[in-house]
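Here is a short report on selected features of the structure shown below.

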Amino acid sequence: MDLAAGIALGLETALTAEALLFCLIGVTLGMLIGVLPGIGALAAVSMVLPVTFHFEPIPAVIMLAGIFYGSQYGGSVASILLNLPGTAPNAVTCLDGYPMTRQGRAGVALFVTTITSFVGGSLAILLLMGFAPVLGQFALRFSSAEFFSLMLLGLVAASALSLGSPIKGLAMVVLGLALGLVGMDVNSGAIRFTFGIVELVDGLNLIAVAMGLFGVAEILANTSQRSGLTVDPRSITLRSMLPTRDDMRRSFWPTLRGASVGSLVGILPGAGPSIAAFMSYALEKKVSREPERLGTGAVEGVAAPEAANNASVQAAFIPTLSLGIPGDATMAILLAAMMMHGILPQPQFFNTQPELFWGLVMSFWIGNLILLVLNIPLIGLWVRILTIPYRVLFPAILFFICVGVYSVNNNPFDIFVVMVFGVIGYVMRIFRYPAAPLLMGFILGPMMEEHFRRALLFSRGDVMTFVERPISAGFLALAALLLILSLVPMLRRATRRGLAG
């Protein structure tokens, strides 16, 4: 199917009344969730996922995707007004967004984030339209050896590119792989690592693990945070949002650079919007003629990371839809949601289910336009929502988390799993162990095991099959290179400390 036919099919699918309604619900809910610090897109998608079981696959996926990229629009509000990022990508926005608030320019910062988010998302959608089908055609050459090597590359990227120590990221990947072994072995039917607990025969519930690691852990971490606006909600008027000509000039190129960085990073399995935001901010520091301005309320320090994290979110659909490899932890939940609806992203996805792919892509355009139109008039509402005390907000969120997890299997054991992983996630946050690599390992682990065994079966037990096939060998070489590049700086620092001591 050529591009024009795909666009026509996508518009026919995305412009139905049902698809438009679910897109509107998804992006609006995503904006609301993004505004509230302490939830995040991953917990939100996990909470809403059980509700979508009663819907048709296409509108259900459109709504879940809308929540994902819609939350990126709203996520900057608390960062700018409260200096309180609800999720990691918005932490970079705090560096210049909150100083702009203290300078009385909160409206300008909020307006700029909306425009740059739209630009970043639009560029990534263009890449998705052109690049994902090509990548899917290329992936038709893949066998189990190539898929195993690609998944291994994704896990190495998730650990090496995660914020903080790569060793800690790698440890979390290994822990995730171990958790993925719990339950019945798909090949032999053997029961593994259940310790006599009947509820674990089918493995740990993905939604319960994700909600605990990200939702409950985030709530526990934020209960001690201060609340209260440093700006009067009535002062955020339409006139106060209008940027000056100098603001537009200073944010133009940073927005394009941020969108480009975010798009490239989003394509990498395991990278995600956090890496994109930090990389784009670092790039602005290097190319700026006045780097000392960044961190003091510079509009370019808001434009670049916001364009980057929105572009990264949209670009993350490229490896997910074409290869079935999630771009980050939230995409992993969306991948699981598609599978639960009988949709299996794979290289032939564009030919077997073109209506879903192009309908989803066109819904991205519609959703981003809705966000652009709605976000600016509703900024006053989002600001007022932030005045809700945490002691009221967080118990309600915890209640919905428990209800959502229970409704998946109607099993009280899943609520216990949520609480256990909530405590584990909170402890991991204290000791700076990243949760995203753990979830990536947990989701990709069973698929890696299946492809590893299948590749060995086809090669009659010869492990050299992974390096004899050129594409597989290339992925393994990239994984090794990425691991070495991430460990070398740490070894150098350790050597310097040893010499200094």
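## Salt bridges and packing

Arg249 and Asp246 sit 3 residues apart in helix α11 (residues 245-267), so about one helical turn separates them. The two form a salt bridge, with the closest N and O atoms 2.6 Å apart. This is a predicted model. Arg249 is exposed, because its relative accessible area is 55%. Asp246 has a relative accessible area of 34% and is therefore partly exposed.

Asp246 has another partner. A salt bridge links Asp246 to Arg250, the closest N and O atoms being 3.0 Å apart. Asp246 and Arg250 are 4 residues apart in helix α11, again about one helical turn. Arg250 is partly exposed, with a relative accessible area of 21%. Shared partners join these bridges into one network of Asp246, Arg249, Arg250, Glu290, Arg293 and Glu300.

The structure holds 12 salt bridges. One of them pairs the side chains of Asp185 and Arg453, at 3.0 Å from N to O. Asp185 lies in the loop between β1 (183-184) and β2 (191-192), while Arg453 belongs to helix α20, so the pair ties together parts that are 268 residues apart in sequence. Is Asp185 buried or exposed? Asp185 counts as buried, because its relative accessibility is 5% and the cut-off for buried is under 20%. Arg453 counts as partly exposed, at 32% relative accessibility.

| Salt bridge | Closest N to O distance |
|---|---|
| Arg249 and Asp246 | 2.6 Å |
| Asp246 and Arg250 | 3.0 Å |

In general, side chains of opposite charge can pair when their charged atoms come close.

Helix α20 also carries Met448. Met448 has 8% relative accessibility, so this residue counts as buried. What does Met448 touch, leaving out residues up to four places away in sequence? The contacts are Phe148, Met151, Leu152, Leu155 and Leu177. Take Met151. Met448 and Met151 are 297 residues apart in sequence, yet their C-alpha atoms are 6.6 Å apart in space.

Next, a helix pair. Helix α4 (residues 57-82) packs against helix α17 (residues 354-385) at an angle of about 35°. The axes of α4 and α17 are 9 Å apart, and the crossing is right-handed. From α4, the residues in contact are Ile58, Val61, Ile62, Ala65, Tyr69, Gly70, Tyr73, Val77 and Leu81. They meet residues of α17 including Leu356, Gly359, Leu360, Phe364, Gly367, Leu371 and Trp382.

Last, the surface. Leu220, Val423, Tyr426, Val427, Ile430, Phe431 and Tyr433 make a nonpolar surface patch of about 610 Å². Which helix gives the most to the nonpolar patch? Helix α19 (residues 412-430) does, with 4 residues. Phe431 lies in the loop between α19 and α20 (436-458). Phe431 has 52% relative accessibility and therefore counts as exposed.

Definitions and conventions:
Residues numbered from 1 in each chain as written. Predicted model: local features only at pLDDT ≥ 70, side-chain atom pairs only at ≥ 80, totals over all residues. Heavy atoms only, no water. Patch = residues over 30% accessible without salt bridge, like charges linked within 9 Å, V, L, I, M, F, W, Y side chains within 5 Å. Areas by Shrake-Rupley, 256 points an atom, 1.4 Å probe, with all protein chains shown as cover. Salt bridge = Lys/Arg side-chain N within 4 Å of Asp/Glu carboxyl O. Helix = DSSP H or I, 4+ residues; strand = E, 2+ residues; numbered from the N terminus. Buried < 20%, exposed > 50% of the residue type's maximum accessible area, 1.4 Å probe, protein only. Axes fitted to C-alpha atoms, helices over the stretch in contact; angles between N-to-C directions. Left-handed = near helix turned anticlockwise from the far one by under 90°. Contact = heavy atoms within 4.5 Å.
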